[in-house]
Amino acid sequence: WDLEGWETRYPDFENPPYTNADLIHSVTPDAKIIVIFRNPTKRLLSEYIYFWVTKRERRTPESFHSEVVAEVTKFNKCLEIRSFIQCCHTTDHSHRVRLALGLYICYAKEWASVFRENLLAVTMEEYQSEPVETLLNIYDHIG
């Protein structure tokens with residue numbers, strides 16, 4: 001989804017020279033891609049609680065809020081000197097609060113431009129409220 005670390009591999013480029021969608025498309029150009037979008041705030045909180053819990057550290061709503069505010073501030077400062085795409089893909093993100101992963105428009109545009117009609121986007125809310133219809137739509141997409 002993201003290209004974290006691209007600027008160290010390609011220091012002379014302003015933007016990533018390729019995307020993960022480009023890489024997959026080069027190997028399997030007819031791939032059927034399914035993207036499931038989750039509410040970005042819920043995704044961020046879930047990741048914060050699930051992936052970064054340690055026995056020595058207790059995560060709280062207050063610590064989540066504090067880290068998110070710091071990451072939003074960092075992202076906004078990035079936007080003052082770099083493009084939106086550059087800020088989405090930069091390595092200067094917190095690994096505890098991966099805010100940029102929830103900026104779906106950044107990545108979805110890349111995937112849609114490569115896979116076009118072979119890309120199906122579904123929301124988690126659609127799947128939860130209409131699971132049968134959503135799965136039938138996915139099966140139809142797969143062929």
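1. At 38% relative accessibility, Glu125 counts as partly exposed, a class that lies between buried (under 20% relative accessible area) and exposed (over 50%), with a 1.4 Å probe and protein chains only. Glu125 belongs to helix H7, residues 124-129; helices (H or I, at least four residues) and strands (E, at least two) are DSSP runs, numbered from the N terminus.

2. The model is predicted: local features need pLDDT of at least 70, side-chain atom pairs count only at pLDDT 80 or more, and totals for chains, interfaces and linings use all residues. Residues are numbered from 1 along each chain as its sequence is written, and side-chain values use heavy atoms, leaving out hydrogens and water.

3. Arg116 is not a glycine, yet has a positive phi of about 45 degrees. Arg116 sits in the loop between helix H6 (104-115) and strand S2 (119-123) and is exposed, at a relative accessible area of 57%.

4. Strands S1 and S2 pair in the parallel sense over 5 bridges; pairing requires at least two DSSP bridges between two strands. Ile33 has Leu119 of S2 as its bridge partner. In S1 (residues 33-37), Ile33, Val35 and Phe37 form the covered face, while Ile34 and Ile36 form the uncovered one.

5. Overall, the protein has 8 helices and 2 strands, and buried residues make up 34% of its 143 residues.
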